[in-house]
Amino acid sequence: MGEAALPFTAASFDTFVSQKKIMAARCKKCGNLILPPRNMCGKCYGAELEWEEVAGKGKLISFTVIGVGPTPMINEGYNRDNPYCSGVVQLEAGPRICTQILGVDAKHPENIKLNTPLVADFVERGSYSLVPVIANIKKTYLAFRPTE
Ligand SMILES: [Zn+2]
């Protein structure tokens, strides 16, 4: 189990996402589930943690529509005329996570409903670089979309 050795960091979280897994840190002392993972429990300050896979199921509890996003999103074609939805997902496992919400009408946010049931989706997106030789490296991003 090589994954047990990974540090409890956002970089490790990204590594798991590239394997299409949502991994949180579970505090061995108080049972708190920490997502995104950190190397210390925010509840009891315990530092004895273990990785735990979290099911990609939840519901939308808040969202915002973004027209001018970070570079990877601009490169995906998102802009003021083609905005995307970023939302906070309340996971069934307990923690909340902020991701892109796919499959919703970001141009008409009045149609996006709170409490919509969501499932995780893993999106491959080019990690564009100014250096042409490494311009086509793909990175996997966690997103959610409505069930059904
Ligand atoms: Zn704890």
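Me: Into which domains is the protein chain divided?

Reply: This is a predicted model, in which local features need pLDDT of at least 70 and side-chain atom pairs count only at pLDDT 80 or more, while totals for chains, interfaces and linings use all residues. Residues are numbered from 1 along each chain as its sequence is written. Domain bounds come from an automatic or database domain assignment. Here the chain is divided into domain 1 (2–53) and domain 2 (57–146).

Me: How far apart do the C-alpha centres of domain 1 and domain 2 lie, and how many residues of each are in contact?

Reply: Two residues are in contact if their C-beta atoms, placed from the backbone, lie within 7 Å. The C-alpha centres of the two domains lie 22 Å apart. Seven residues of domain 1 are in contact with nine residues of domain 2. On the side of domain 1 that touches domain 2, five residues are nonpolar, one is polar and one is charged. In this division Ala, Val, Leu, Ile, Met, Phe, Trp, Tyr, Cys and Pro count as nonpolar, Asp, Glu, Lys and Arg as charged, and the others, Gly among them, as polar.

Me: How many helices and strands does the secondary structure comprise?

Reply: Helices (H or I, at least four residues) and strands (E, at least two) are DSSP runs, numbered from the N terminus. The chain has two helices and eight strands, and along the sequence they follow the pattern α-β-β-β-β-α-β-β-β-β.

Me: Which strands make up the open sheet of three strands, and in what order?

Reply: Strands of a sheet pair through backbone hydrogen bonds, either parallel or antiparallel. Two strands are said to pair if DSSP finds at least two bridges between them. The open sheet has the order β2-β1-β3, with antiparallel pairing. Because β2 (33–34) and β3 stand at the edges with a single partner strand each, one side of each is left without a neighbour in the sheet. Five bridges join β1 to β3, and one of the residue pairs is alanine 24 with glutamate 52 in β3.

Me: In which sense do β5 and β6 pair, parallel or antiparallel?

Reply: The pairing of β5 and β6 is antiparallel, over six bridges. Valine 88 has cysteine 98 in β6 as its bridge partner, and glutamine 90 stands opposite arginine 96 in β6. The two strands form a hairpin with four residues between them, and glycine 94 in the turn has a positive phi of about 125 degrees. β5 also pairs with β4 in the antiparallel sense, over eight bridges; threonine 64 stands opposite serine 86 in β5. By contrast, β6 and β8 pair in the parallel sense over two bridges, where isoleucine 101 has phenylalanine 144 in β8 as its partner.

Me: Which residues have the most contacts inside the largest nonpolar core?

Reply: In soluble globular proteins, nonpolar side chains tend to be buried together. A residue is buried if 20 or more other C-beta atoms lie within 10 Å of its own, exposed if 12 or fewer, and partly exposed in between, with C-beta atoms placed from the backbone. A nonpolar core is a set of buried Ala, Val, Leu, Ile, Met, Phe, Trp, Tyr and Cys residues joined through C-beta atoms within 7 Å. The largest such core has 29 residues, and those with the most contacts inside it are Met23, Ala25, Cys85, Val89, Ile101 and Phe144. Both domain 1 and domain 2 give residues to this core, so it lies between them. Leaving aside neighbours within four places in sequence, the contacts of isoleucine 101 include Leu60, Phe63 and Cys85.

Me: Which residues of α1 are buried?

Reply: Phe13, Phe16 and Val17 are the buried residues of α1. They cover an arc of only 105 degrees around the axis (taken from the directions from the helix axis to the C-beta atoms), which puts them on the same side of α1. Just after α1, lysine 20 takes a positive phi of about 60 degrees.

Me: Is threonine 147 buried or exposed?

Reply: Threonine 147 counts as exposed because it has 11 C-beta neighbours inside 10 Å. This residue is found in the segment after β8. Its C-alpha atom is separated by 5.2 Å from that of leucine 118, 29 residues apart along the chain.
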